[in-house]
Amino acid sequence: MKIKLLFLSLLLIHNFGFSTEKAENPNVVMIVLDDMNGYGTLNSYPVLKTPYLDRFRDQSLNFVTAACNTPVCGPSRASFFSGLAPHTTGAYYNRCTPFIRSKMLQQVETIPEWFKRNGYTTWGGGKIFHGPLQEGREAAMFDNEKVKHGGFGPFPEEQYWINGSKFAGIQPWTGPDTDFPDVTNANDAIEFLKQDHDKPFFMVYGLWRPHSPYTAPKRFFDQYEVEDMPIPEGMKSNDLDDITDMGEALLSHLPSHRQMGVPFETAVKTYLRAYCANTTFADWNVGRVIEALDASPYADNTLVIVFSDNGFHTGEKDHWGKATLWESADHVPLMIRSPEGHVATCKQTVTLLDLYPTLADYCKIAPPEHTLDGDSFAAIIKDPKAAWDRPGFTSYGPRYSSVRDERWRYLHYPDGSEELYDLDADPWEFQNLAVFAKYASVKQRLSSHIPKSWATSLGGGFEVSQGPKPVQLSSERPSSNMSSESNYLYVCFKPPGREGVWFAHSEDGYNWKALNSGNAWILPREGGETMRDPFIARGPDGVFHMVYTTGNYKIGHISSPDLVNWEDRNHIPLFEETPGVLNCWAPEIYYDSKREEWLIIWSSTIEGRFSETEGQVKNDKNHRIYGAWTKDFVAAREPFLFFDPGYPVIDASLYPDPQNDRVFMIFKDERDFPTRKLLKAAVGPTLTGPWTEISEPFTRSWAEGPSILPVDDAFLVYYDQYNRPQHMQVAQTKDFKTFKDVTDQTSFPEVSKHGGFISITAEEASRLLSYQKGSQN
């Protein structure tokens, strides 16, 4: 009898890999895929072949509403490995090198570091962080002597590139499998699993596929035929009709597909075949590693987590790629096989941010010292029916928010625009329900989960530049039915701003002459109304609108049909019901032809906000740029935070770059300590940003009041410089990255401070030049 009991005990030790005492700390195998959408785990693209993942799904918990916390590789990995959300760290975009630029991420303990400190053997290979780490940190994470990464290759031969891009290229690969890092890293992972381990282990195997380039071994392409690839159910021709402008700016509009020289449908099917081949190749590599685990002594005491870093559009919303706030990019496959052996379809809306606290809970290890942003769902692993009351949250840049519960997805953009989808009735998000009043309570409930504070971006930028062209700004040159002769009008004021508004005219954009014999063109109201920082724009109906600073929380407005007679003077209330507002400065206006509304931007200080930047300016004037939409300049929609680079800013001025489909912004860094007070540039895809790629300063300190004027093939930036003999300075640029001082090529009237430009016709210029009969009211 004792012999039989001893045999059974040895058998149990062999099957579980550890004694009962050691089973308190299970092994953990984490397999991270790259750009894999839910086609396989959700059975939403029937021709896709993933036999190994299908088998694994049948042994696991399949989280069918799981989400990434940001829909791009590097920031997503920074988030789930650190347990910190993008809005905590500022790691929103690819190319932001989060573990280099963020002191917070340099100091926190990542998952592999935490496991290693707690006595685990750690092994890593393949695509893990997708970005550099500070020197020596990788050695602090992993016990393997050399962490092999590899890369996206092999890339297709140049003849197979599409539109000049090796990443967009498609080539069935006929070289050896070991040309692929996914294969060699899987081989190393298998060898690790064959070793004897006297301690629990944490293993992370990161794949580079199904991410492009589309160069899977040929045998995986051979499993699919182009003509047999169905167009995805979620691909609909008019799907963009009711989405927001800021959402549309995230989309690629399938440029490679439309430029392949074959019918569009054939191009889409060609790419679908390639994506499926890459996915099936990834499936094979995952399967090899899991089979090795199952053949090892560790199979029954190992928690296995298989997931993708983000989702991926394959035509949905006219997009090929990730980096959006809709289901295709935000949903991630997430399957967990546990020693308990539970198998279930789980609808709880967990996110990848929840992995860190879940591992701490499930493995019975004290969590790291830093506060984790996610929540543990270890209770679900032990009981798939366990309750979960928190929706999934995904962001893609400051105040770009997507909230998803089991039924609804709610999107909210920085300009206040919204989308809402009923995923039960509309799984492909075809109908935006946000405009219907009956769903107000749903929006309110989901919006309560949007963060109140957002970390300053670490940099990087959007994944696409092929989105819709920026809306035509009303300050652009006149349309073709007007005279093509160049004439420019500048509106400005004389400090302190109680004498009215002056006009100046130029035929070349460099040499200016004051109109009306140097007298004010528009006088203030009786009583000394303040009229500072005037800005002028032409509406779609030809009416000219001017806005200006009044000195309080309202923006002044006046309009004219002909630039001579000004009427309809009023104040636009903006922050009337917001406590602590001290001012509204330097307004500018731009017309959005799609929304049929005007965008107003300005700068304000609101007491009590941005406490983290207190002490950067005198009297804690925490200026940021705000925005609001209006149809009539009488009432405005609720103001929103337009631009916050993490420090006080003022005096923003916009202009589009028509060749690159971008909008450029010049703004003033308003900090006093250390003294900045200088101008910088930024770029965004739409009128409302988001604003990235912030330039180095191109002026000295004590500069402000920029105005942008396009002249010929360049842009002139006029601005006030207070420590120069000629305070009006001019910089020329073609790309808003490099600036050349051309002040000595310009002449300007003495009465000129902080205004705005507009292009006018020769006829309009002639009328203004001939009108010299006193000031206008």
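The model you're looking at is predicted, so local features need pLDDT of at least 70 and side-chain atom pairs count only at pLDDT 80 or more, while totals for chains, interfaces and linings use all residues. Residues are numbered from 1 along each chain as its sequence is written, and side-chain values use heavy atoms, with hydrogens and water left out.

**Aromatic rings**

- Rings of Phe, Tyr and Trp (its six-membered ring) pair if their centres lie within 6.5 Å; planes under 30 degrees apart are stacked, over 60 edge-to-face, and the rest tilted.
- That rule gives a count of 61 aromatic pairs.
- F312 and W320 make an edge-to-face pair, at 5.9 Å centre to centre with 90° between the planes.
- F664 and F736 are stacked instead, with 4.3 Å centre to centre and 10° between the planes.
- F664 sits in strand β26 (residues 662–669) and F736 in the loop between β30 (728–733) and β31 (740–741), so this pair ties together parts 72 residues apart in sequence (strands are DSSP runs of E, at least two residues, and helices are runs of H or I, at least four, numbered from the N terminus).
- F664 is buried at 7% relative accessible area, and F736 is buried at 3%.
- Ring pairs also link Y92, Y93, F393, Y396, Y400, Y413, W454 and F462 into a cluster.

**Charges over rings**

- K166 has its charged end over the ring of F155, 4.3 Å from the centre (the cut-offs: NZ of Lys or CZ of Arg within 6 Å of the ring centre and within 35 degrees of the ring normal).
- R671 lies over the face of Y647, 3.8 Å from the ring centre.

**Salt bridges**

- The count is 40 salt bridges (a side-chain nitrogen of Lys or Arg within 4 Å of a carboxyl oxygen of Asp or Glu).
- R117 bridges to E109, and their closest N and O atoms are 2.6 Å apart.
- Is R117 buried or exposed? R117 counts as exposed, at 51% relative accessibility, whereas E109 counts as buried, at 17%.
- E597 and R595 form another salt bridge, with closest N and O atoms 3.0 Å apart.
- E597 is buried at 3% relative accessible area, while R595 is partly exposed at 22%.
- Shared partners join E327, D330, R404, R409 and E429 into one salt-bridge network.

Terms used: Buried means under 20% relative accessible area, exposed over 50%, partly exposed in between (1.4 Å probe, protein chains only).
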